[in-house]
Amino acid sequence: MTAEADEYALLWNGTEEGWVVIRTDAGEAIYNARTQRALLIEDNAVAARVIELMREHGVQFLDSIP
């Protein structure tokens, strides 16, 4: 699973700016504040691991869309 999640490293390594995690009533969503687009990862386990890695790498978590 880590290898699959590592494919999303651009979300936390600075390759692409603007990625944040938005906390919602339905859960957490990956969102790019610069492009105003959400990223959908269809595999729930991979999505959860990616969000965990984003947290570990200091990505901002917000309560609303900026």
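Two strands pair if DSSP finds at least two bridges between them. Helices (H or I, at least four residues) and strands (E, at least two) are DSSP runs, numbered from the N terminus. The model is predicted: local features need pLDDT of at least 70, side-chain atom pairs count only at pLDDT 80 or more, and totals for chains, interfaces and linings use all residues. Residues are numbered from 1 along each chain as its sequence is written, and side-chain values use heavy atoms, with hydrogens and water left out.

**Exercise 1. The sheet**

Task: Work out in which order the four strands form the open sheet, and how β1 and β2 pair.

Solution: 
- Step 1. Take β1 (residues 19–24) with β2. They pair in the antiparallel sense, over six bridges.
- Step 2. Check two positions. Val21 stands opposite Ile30 in β2. Thr24 stands opposite Gly27 in β2.
- Step 3. Find the link. A hairpin through two residues joins β1 to β2.
- Step 4. Move to β2 and β3. This pairing is antiparallel too, over three bridges. Four residues lie between β2 and β3 in their hairpin, and Gln36 in the turn has a positive phi of about 60 degrees.
- Step 5. Assemble. The order is β3-β2-β1-β4, an open sheet with mixed pairing. The edge strands are β3 (37–39) and β4 (61–62), since each pairs on one side only.

**Exercise 2. Asn32**

Task: Decide whether Asn32 is buried or exposed, then list its partners.

Solution: 
- Step 1. Locate Asn32. It sits in strand β2 (residues 27–32).
- Step 2. Apply the cut-offs: buried means under 20% relative accessible area, exposed over 50%, partly exposed in between (1.4 Å probe, protein chains only). Asn32 has a relative accessible area of 2%, so it is buried.
- Step 3. Look for polar contacts (a pair of N or O atoms within 3.5 Å; within protein, one must be able to donate a hydrogen and the other to accept it, and residues adjacent in sequence count only if both atoms are side-chain atoms). The Asn32 side chain reaches the backbone oxygen of Glu17 at 3.1 Å. A polar atom of that side chain also lies 3.0 Å from the backbone nitrogen of Thr35.
- Step 4. List contacts (heavy atoms within 4.5 Å). Not counting residues up to four places away in sequence, Asn32 touches Glu17, Gly18, Trp19 and Arg37. Arg37 is also the bridge partner of Asn32 in β3.

**Exercise 3. Helix α2**

Task: Find which residues of α2 are buried and how they are arranged around the axis.

Solution: 
- Step 1. Check the span, expected as 1.5 Å times one less than the number of residues. The 13 residues of α2 should span 18 Å, and the end C-alpha atoms are 18 Å apart, which agrees.
- Step 2. List the buried residues: Val46, Ala47, Val50, Ile51, Leu53 and Met54.
- Step 3. View down the axis, taking the arc of the directions from the helix axis to the C-beta atoms. The buried residues of α2 fall within an arc of 160 degrees, so they line one face. The face turned away from them carries the exposed residues Asn44 and Glu56.
- Step 4. Inspect the ends. Asp43 caps the N-terminal end, with a side-chain oxygen 2.9 Å from the backbone nitrogen of Ala45. Gly58 follows α2, and its phi is positive, near 80 degrees.

**Exercise 4. Ile41**

Task: Name the residues in contact with Ile41, leaving aside neighbours within four places in sequence.

Solution: 
- Step 1. The contacts are Tyr8, Ile30, Val46, Ala47 and Val50.
- Step 2. Compare distances. Ile41 and Tyr8 are 33 residues apart in sequence and 9.8 Å apart in space, C-alpha to C-alpha.
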